[in-house]
Number of protein chains: 2
Amino acid sequence: MKQDQTENPETSHHETIAPSEGYVVGIDIGGTNLRLALADMTGRILARQVSSTAESKSADAVISDIQHCVDKLMREASVPRSELRAVAAAAPGITDVGAGIVIATSYLRGWHDVPLQNMLESSLGVPAIVDNDVNMAAVGERWTGSGKGVRDFVFIAIGTGIGAGVVLNGAPFRGMQWAAGEIGYMLVPGVSSEPAGPGAPGALESMIGGEGIRETWLHKWSPEKTSLPRELTATMIFDGAHAGDPLAQAILHDSAQILSYAIYNISLLLNCPLIVLGGGVGTHPVFYEATQRALEQRRSHSRLQVSRSTLGVDAQLMGAIRLALDTALSRSSVSAPV
Amino acid sequence: MKQDQTENPETSHHETIAPSEGYVVGIDIGGTNLRLALADMTGRILARQVSSTAESKSADAVISDIQHCVDKLMREASVPRSELRAVAAAAPGITDVGAGIVIATSYLRGWHDVPLQNMLESSLGVPAIVDNDVNMAAVGERWTGSGKGVRDFVFIAIGTGIGAGVVLNGAPFRGMQWAAGEIGYMLVPGVSSEPAGPGAPGALESMIGGEGIRETWLHKWSPEKTSLPRELTATMIFDGAHAGDPLAQAILHDSAQILSYAIYNISLLLNCPLIVLGGGVGTHPVFYEATQRALEQRRSHSRLQVSRSTLGVDAQLMGAIRLALDTALSRSSVSAPV
């Protein structure tokens, strides 16, 4: 909805300021880093700030960091604070976009029901919108990345864990409890069908999330099977597979098979033409190519395209800028009659 | 889209006839039976016709049967042919609703690219719409059955095979190649992950479609394991499980587990509040209850409701009547300027 409005900004713009005037800030709240970007009303980035969330895990501390970073961004770009029109923040957890509340995060020591939109609006004095980071990334990819102009696609982020952003009819599809795309729990051949305990990683992510792949490596590692060290990350294991290590190749093969099953299941249900892989693990070229090979066995869905994210770590930030622009245009006259 | 139009019929009505005047016919083309119903503009059924498709498998023969049955319906209800305003037909295969073409069916000896909408419009002289039978059933359930008023739900039909109709934001979501909901191929724990050959049943339906359940029974049957006969249908096997037969109970348990995995995967991706089970196998109360028990193990999705179809074999027909009403209201002045 928002996206359509932006494509015709006049229809949703109720101020005397032209749509091209002003600035927005996109905010990506991650488990380790807080990343911000100031953009003009065309979405061009003018300044960036990165800060750590290692110390400031509470919502209040993060808000204070954001306030600080926004000040720095405005100074750096020589933009008066009065020209900030909206902000959007990506949160690492299930987020009620309508109420502006982060329902739950597994990072940041577990936020629960944090009214992030209100907190941002109070501290910054401009309209704000908040959304789940994977949904934001999907919005970013559709706006200016691998999903550009595609009506229906699914963005699958594979980092430590796994999540998906579902874009249908050109807009994020968020589900009844804002939890659409929680595919880390998906059940496919090769994963455990035992119900996961509370807070435990899901069946799919415990196999092919970065942490799951690392644990499988640890579990299978022995000096007879590999010449690689015992302590490796998922992407290092994929590098090892590329270099010919047999144990790394076996794990790569199994991981790619399992990912191909999940992709296939999604494409069956939605018949979408595109899956975009994101995240540090999901965009690794060796994993990507092995997954493509695994999918080629299922010819009936040969028209399904699988791409890697072109925005990389900027996907969430670009999605946040896009939603901030939409918010600026649709809610710029929050107190004025519509 | 169409559904919204009907909710405000005035906005899409360009004739002098009031929306309440006239009649429509819903048509369900099945692999064994052709079923038709004449309804008034409120959707009330006035007359029905059933005919066999055992002899008339070709599209031309089916059209001729439809023409014949429509004549009988009009006579039976004493409605002049000039008051027929639109028809809608459910086809047992992937259907391009936009072009009005049945792309492929596995029943009726395999139709390919049959321009069913044009054939209906030429032979009956009124606007027609065609859609996949499972999508039609989902429309029917949303209009007047188990999905009444639910924004997002998935209708899973389990008969000989398995298919799903996906309703999102109140409308059928049909996918890029009109193949959304083809979950008969879904890969879950317990099914074969070998790619299915061309024309072969999918991994999921070969396990828990009616034919798959019957074959598992045949394969596992021995006089030591069961006192039931070797030749049984899936629903008879479920009846046997209810009566305490151990082999039938084992097959029921495994089938319900596998169906619960598929339902869980769908609910993860779409976060929809409701799954409606349809079809002769899917609506069997013993199978339904066993599936409910299997799903209860996954508490995190306890807000997911699973219901049985309340329309039963009429679901497709009711969906067809609904789409015929939409078509009558939106395209009643096909040749007049809009």
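**How the copies and helices are described**

Modeller: In this predicted model, chain A is superposed on chain B by a rotation of 180° with 0.0 Å of shift along its axis, and the RMSD is 0.0 Å. The two copies are thus related as by a two-fold rotation axis.

Biologist: Why are α7(A) and α8(A) called roughly perpendicular?

Modeller: The axes of helix α7 (residues 234–242) of chain A and helix α8 (residues 246–270) of chain A cross at roughly 115° and come within 7 Å. Angles of 65 to 115 degrees count as roughly perpendicular, and α7(A) and α8(A) are therefore given that description. The crossing of α7(A) with α8(A) is left-handed.

Biologist: Which residues of α7(A) and α8(A) meet there?

Modeller: From α7(A) come I237(A), F238(A), G240(A) and A241(A), which meet A248(A), Q249(A), I251(A) and L252(A) of α8(A). By class, this contact has 6 nonpolar, 2 polar and no charged residues.

Biologist: Turning to the other chain, why does A250(B) count as partly exposed?

Modeller: A250(B), which is found in helix α8 (residues 246–270) of chain B, has 15 C-beta neighbours inside 10 Å. A residue is buried at 20 or more and exposed at 12 or fewer, with partly exposed in between, so A250(B) counts as partly exposed.

Methods
Residues numbered from 1 in each chain as written. Chains lettered and ligands numbered in written order. Predicted model: local features only at pLDDT ≥ 70, side-chain atom pairs only at ≥ 80, totals over all residues. Least-squares fit on C-alpha atoms with pLDDT ≥ 70 in both. Helix = DSSP H or I, 4+ residues; strand = E, 2+ residues; numbered from the N terminus. Axes fitted to C-alpha atoms, helices over the stretch in contact; angles between N-to-C directions. Parallel < 35°, antiparallel > 145°, perpendicular 65-115°, else oblique. Left-handed = near helix turned anticlockwise from the far one by under 90°. Contact = placed C-beta atoms within 7 Å. Nonpolar A, V, L, I, M, F, W, Y, C, P; charged D, E, K, R; others polar.
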